[in-house]
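Subject: Handover of a structure, with notes

Dear colleague,

I am passing on the structure below, and my notes on it follow. Please read them with the coordinates open.

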Amino acid sequence: MGEETVAPNIQQARKRHRARHQKSRLGCFPCKSRRVKCDEARPVCGSCSSRGEPCSFPEPPATSDRTPWERPRFRHRGAGSSHIHDSQPFLKPLEICASWSASIPTPVNDHSLNMDNLLSMQFFHLHTAQMMSLNPQRSMVWRRVIPDLAASHPYLMHLLLALGGIHMIAEHTRQRRGERDAVDLLVVMDHHQRGLQGFREEVARISNANAEAVYAGSLLLVAFAYASLQVPELNPFATTLYQQPPGPICKLHLSWLHLVRGVSTVIRDQWPALKASRMRPMVLHFHGEEYWDDLPFVSSLSNLSHCSPRFLLFAQGTCQAIADLRASCDAIQSPDSNGLRLTPGFSPASSDWAGDAPSGAIDILETVYSRVVAVLECSIREWGSPDDSHIQANLEEAAVHSWPNLVSDDFIALVDMDEPEDLGWGLSLVILAHYYVVNTLMDCWFLASFKEEILKIQTAVSNLHNAQLSQLMMWPVKVATT
């Protein structure tokens, strides 16, 4: 009887002992606050990853073999999210930063650069990487795969720090114009230039061995190019929504377009390697081309009352917008037309070249618009009355903001003329503004400047004093500003 009484007690004690052994002692703050077990995976634990929440860990006890890099204490200077713990460092980014910073000469004060590195890394992990994609698998690439690649490729680390830094600057610029308490833009640009230099060297010897890292670099560069439009120092003709500079026509800032088109071509020959790499979610989308192309192109849609009004405006106006652009393009090419004409002796090639480039751009624009309308139709069929989140997820799957890779070099050259004085150039700007409308439909932080870019084009077109071109600009401005 005594043995039978003791045995259950021993069993109970063993169970309690195992429970104490499995307890997470170095778990993250969110798991501790929820009183759940943390798997302690860094930089983001499994529980926070599945919830899509920021994850931060307590600082481990200092030991004699740890360097000051591994246990820094600093207060986040930016206007960050309420989820950020100011007194707690984000350990994984700091360890990655320490692995390369000592070996790279710094062009500015060491203390300033080191602090900016930490802030950029923290901001990238807590905000930038979390906001790059609505798709869980692609989001995981930004949050885990790209940082892991950057830990072993210094040029990727430079590009990662540049993206986190410029996102922080853009966020501060948006919230408090004229007051900046973020990383130093000079440091951000230094990282960008170093990363770009290393990227070019890797592209020159691209193979299956480095295709994964090169593609990660191209994604970081593209995101930076888009984000640079939000920083006035990098976009010299930047305006606000309510202050458009009067005066002569100025050359628009289009360097981002050249960069986006360039980096997208470097991985085409490495398609088999990328499909088998950790970057696979970035190159494969759920729906193929035939899924979207089979749907009809309609001029209006219903059941969009639960989403932003701009989607309904877009759906209702696409057909007429394309028709008006084609009519204006025909007026350019018609020698008997009293409408738009190219200036005699137009360069860089000929009036035929100039007429063909806008016409081809309109054809591609119609295809892209059809894709967006198909997304709206699919969202209605899937959800009945979709909200913005449903539509945004489908827009990402349809890759509608990849249009810069589709337009021709001739069209880009026409838009990017050195001495823009021609109405044909003005029509090309109007077509470009219609492409920009697609980017305004996407709620991505790095695409936030295209509303202002459309208003800048409106200013440039209005300075041509052509009523037909000004009329063509009314629809994209209305969609962008609604």
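In these notes a residue is called buried under 20% relative accessible area, exposed over 50%, and partly exposed in between, with a 1.4 Å probe and protein chains only. By that scale A399 is partly exposed, because its relative accessibility is 24%. Please bear in mind that this is a predicted model, in which local features need pLDDT of at least 70 and side-chain atom pairs count only at pLDDT 80 or more, while totals for chains, interfaces and linings use all residues. Residues are numbered from 1 along each chain as its sequence is written, and side-chain values use heavy atoms, with hydrogens and water left out.

Overall picture

The chain has 21 helices and zero strands, where helices (H or I, at least four residues) and strands (E, at least two) are DSSP runs numbered from the N terminus. Of its 482 residues, 50% are buried. The accessible surface is about 23,000 Å², and carbon and sulfur atoms hold 52% of that area, as computed by the Shrake-Rupley method with a 1.4 Å probe, where for residues only the protein chains shown count as cover. Taking contact to mean heavy atoms within 4.5 Å, 74% of the contacts in the chain with a separation of 6 or more are between residues 24 or more positions apart.

With neighbours within four places in sequence set aside, V141 is in contact with I146, P147, R278, M279, P281 and M282.

Aromatic residues

Rings of Phe, Tyr and Trp (its six-membered ring) are paired here if their centres lie within 6.5 Å, and planes under 30 degrees apart count as stacked, over 60 as edge-to-face and the rest as tilted. The rule gives 14 aromatic pairs. One of them is the tilted pair of W403 and Y436, with 6.2 Å from centre to centre and 50° between the planes. W403 lies in the loop between helix 16 (388-398) and helix 17 (409-415) and Y436 in helix 18 (residues 423-441), so the pair ties together parts that are 33 residues apart in sequence. W403 counts as buried, at 1% relative accessibility, and Y436 counts as buried at 1% as well. Y436 also pairs with F450, this time edge-to-face, at 4.9 Å centre to centre and 70° between the planes. That pair links distant parts of the chain, with Y436 in helix 18 and F450 in helix 19 (residues 450-462), 14 residues apart. One aromatic cluster is formed by Y226, W256, W403, F411, Y435, Y436, W445, F446 and F450.

A charge is taken to sit over a ring if NZ of Lys or CZ of Arg is within 6 Å of the ring centre and within 35 degrees of the ring normal. R310 lies over the face of F311 in this way, at 5.0 Å from the ring centre.

The annotated span and the cysteines

An unreviewed UniProt entry places the feature "domain: Zn(2)-C6 fungal-type" at residues 27-57; UniProt positions are given in the numbering used here, feature names are shortened, and annotations may be inferred rather than shown by experiment. In the model, the end C-alpha atoms of residues 27-57 lie 7 Å apart, and the span is 39% helix and 0% strand.

How many disulfides does the structure hold? It holds zero, a disulfide being a pair of cysteine sulfur atoms within 2.5 Å. The sulfur of C48 is 3.6 Å from the closest cysteine sulfur, in C45, and that is too far for a bond. C48 is buried, with a relative accessible area of 0%. S47 lies in helix 3 (residues 46-51) and is buried, with a relative accessible area of 16%; beyond its neighbours within four places in sequence, S47 is in contact with C31 and R34.

Backbone points to check

E40, in the loop between helix 2 (29-34) and helix 3, has a phi near 60°, a positive value in a residue other than glycine. E40 counts as partly exposed, at 31% relative accessibility. A399, in the loop between helix 16 and helix 17, likewise has a positive phi in a residue other than glycine, near 55°.
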